[in-house]
Amino acid sequence: MAMYQNGGTEVDPAFRDLEVRQDKIMRRLYELKAAVDGLAKTVTTPDADLDQTVTSLSQSPTATAFRGTADLDSLLGKDLGALRDIVINANPARPPLTLLVLHAMLCKRYRVLSSVHVHSSVSGVPAQLLSCLGPRHADSYVRQRFQLGFTLIWKDVSKLQMKFSIQNMCPIEGEANVARFLFRLVAPYPSDPALATLVDSWVDTAFFQLAEGSAKERSAVLRALNGALGRDPWLAGPELSLADIACYCCVLQTGPAASSPANVQRWLKACENLGHFGPAHPLLQ
């Protein structure tokens, strides 16, 4: 030990360097543990049979700067080294087109590790459903390179379910509610209560009347859409919102676009021009 002039002691520089290296090692071990814990959680989930798996990555894994990290931390809380896993159970008889569109939007904002699994409760899942999140990527096993995990499990469920990696968070049920959760990771909900209520109203209308309603209810919704789109280019506010995404997917699920009223057809074309809806089209054929 070297001595201070006032009689105190000075820490040996070699010892200080050792402490710094130890801190780096402990941080790396923490990150590795979080990655292994996340991987174990996905592999051991009882919802999936992992012998039928497609894993994909939408962006190049060589980039070191993650986009949107601060946003995720503010929305979901900071979780050092852990991959935030979104796990969705969906019935292949009712593909969740809205969630596929939102998945594509998430991939443009974050680095997303995407995978598709098939549960033993279903069989004969079409190829387009197995590849709906994109092609398999060779580096998909390196979980620590990603910000979000997005796992879609085709399963015999009566209602779509989503589980998230936050321990104190209850599962979310229903495509409309899951879509609301995912959209908040892409863009903020309107701060104006009236506008936020309008968005929610259109989302509920899309899923409960367009997608599940009678022919009479669907006709009434198309008339309401036509009227609203005659006044404004989008359904809620000056730009695309979750209301437009939900209604777009449900309109196309109920019939050909050519049978829709004129304002609705113009709006459908405007939605397509934005480029967000490509993942939904193969499942409509």
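Select P190: leaving out residues up to four places away in sequence, P190 touches L195, A196 and V199 (contact means heavy atoms within 4.5 Å). P190 sits in the loop between α5 and α6. Helices here are DSSP runs of H or I with at least four residues, strands are runs of E with at least two, and both are numbered from the N terminus.

Before moving on, a word about what is on your screen. This is a predicted model, with residues numbered from 1 along each chain as its sequence is written. Local features need pLDDT of at least 70 and side-chain atom pairs 80 or more, while totals for chains, interfaces and linings use all residues; side-chain values use heavy atoms, with hydrogens and water left out.

**Stop 1: still at P190**

Colour P190 by accessibility and you get a relative accessible area of 25%, so P190 is partly exposed. The scale is this: buried is under 20% relative accessible area, exposed is over 50%, and partly exposed is in between, using a 1.4 Å probe and protein chains only. Now draw a distance from P190 to A236: the two are 46 residues apart along the chain, with 9.2 Å between their C-alpha atoms.

**Stop 2: S241**

A236 leads us on, as S241 is in contact with A236, F183 and V199 once neighbours within four places in sequence are left aside. You'll find S241 in the loop between α7 (215-231) and α8. Buried or exposed? S241 has 7% relative accessibility, so S241 counts as buried.

**Stop 3: zoom out**

Switch to a cartoon view. The protein chain has 9 helices and 8 strands. Of its 285 residues, 43% are buried. Look at contacts between residues at least 6 apart in sequence: 77% of them join residues at least 24 apart.

**Stop 4: the largest pocket**

Select R94, E175, F207, A211 and E212: of the 26 residues lining the largest pocket, these are the closest to its centre. The volume of this pocket is about 570 Å³. (On a 1 Å grid over the protein atoms alone, a pocket is an open set of points where a 1.4 Å probe fits, with protein on both sides within 12 Å along at least five of seven lines; lining residues have an atom within 4 Å of a point. The volume is the space filled by probe spheres set on the points, which are joined across faces, edges and corners.)

Which elements give two or more residues to the lining? Show α5 (175-186), α6 (193-210) and α8 (242-254).

**Stop 5: T98**

Next, click T98 in helix α3. T98 has a relative accessible area of 0%, so T98 is buried. Beyond its neighbours within four places in sequence, T98 is in contact with E175, A179, F207, I245, A246 and C249.

**Stop 6: the nonpolar core**

Select I88, L182, L185, L225 and W267, the residues with the most contacts inside the largest nonpolar core, which has 72 residues. Helix α8 gives the largest share of this core, 10 residues. (A nonpolar core is a set of buried Ala, Val, Leu, Ile, Met, Phe, Trp, Tyr and Cys residues joined through side-chain atoms within 4.5 Å.) Zoom in on I88: apart from residues up to four places away in sequence, the residues I88 touches include L99, F150, V178 and L182.

**Stop 7: ring pairs**

There are 3 aromatic pairs in the structure. (Rings of Phe, Tyr and Trp, with its six-membered ring, pair if their centres lie within 6.5 Å; planes under 30 degrees apart are stacked, over 60 edge-to-face, the rest tilted.) Pick F164 and F181: the ring centres are 5.4 Å apart and the planes are at 65°, so this pair is edge-to-face. F164 belongs to strand β7 (residues 161-164) and F181 to helix α5, so the pair ties together parts 17 residues apart in sequence. Both F164 and F181 are buried.

Then try Y248 and F277, a tilted pair with 4.1 Å centre to centre and 40° between the planes. Y248 is in helix α8 and F277 in the segment after α9 (262-273), so parts 29 residues apart in sequence are tied together. Y248 and F277 are buried too.

**Last stop: around K155**

Select K155 and S120: their C-alpha atoms are separated by 7.5 Å, though the two are 35 residues apart along the chain. S120 lies in the loop between β5 (112-118) and α4 (127-130), and its relative accessible area of 56% makes it exposed. Finish with A93, which is 62 residues from K155 in sequence and 9.5 Å away, C-alpha to C-alpha. A93 is in the loop between β4 (84-90) and α3 (97-109), and at 63% relative accessibility A93 counts as exposed.
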